[in-house]
Amino acid sequence: MSPKELDYIEDALGHEKFFKTQCQDAIQNLQDQELKTCVQQIADKHQQILTVSIV
């Protein structure tokens, strides 16, 4: 794998971490339980992507 490809992967994983963090922050501030559940599902998906990428 080239250094440029590795940089791309690291950048993409950084975006996934950012999205997961943003979702977690939003969950803390949301009042609507249905919306919280939806955002939690999105956060879980980002976590799943991170977990699969590390393995």
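Analyst: Contact here means heavy atoms within 4.5 Å. Helices are DSSP runs of H or I with at least four residues, strands are runs of E with at least two, and both are numbered from the N terminus. This is a predicted model, where local features need pLDDT of at least 70 and side-chain atom pairs count only at pLDDT 80 or more, while totals for chains, interfaces and linings use all residues. Residues are numbered from 1 along each chain as its sequence is written, and side-chain values use heavy atoms, with hydrogens and water left out.

User: How many helices and strands are in the protein chain?

Analyst: Two helices and zero strands.

User: And is it spread out or a compact globule?

Analyst: Spread out: the radius of gyration is 14 Å, well over the 10 Å from the globule rule for 55 residues, so the chain is more spread out than a compact globule. That radius is taken over C-alpha atoms, and the rule is 2.2 Å times the number of residues to the power 0.38. The C-alpha atoms fill a box of roughly 45 × 15 × 10 Å along the principal axes.

User: What span should α1 have, and what does it have?

Analyst: Helix α1 covers residues 3-29, and its 27 residues at 1.5 Å each should span 39 Å. The expected span is 1.5 Å times one less than the number of residues. The end C-alpha atoms of α1 are 39 Å apart, which agrees.

User: Which residues of α1 are buried?

Analyst: E16, K20, C23 and I27. Buried means under 20% relative accessible area, exposed over 50%, and partly exposed in between, with a 1.4 Å probe and protein chains only. An α-helix has 3.6 residues a turn, so residues three or four places apart point the same way.

User: What do the buried residues of α1 pack against?

Analyst: Against α2, residues 33-54. Across the protein chain, buried residues make up 15% of the 55.

User: What about N29, buried or exposed?

Analyst: Exposed, at 61% relative accessibility.
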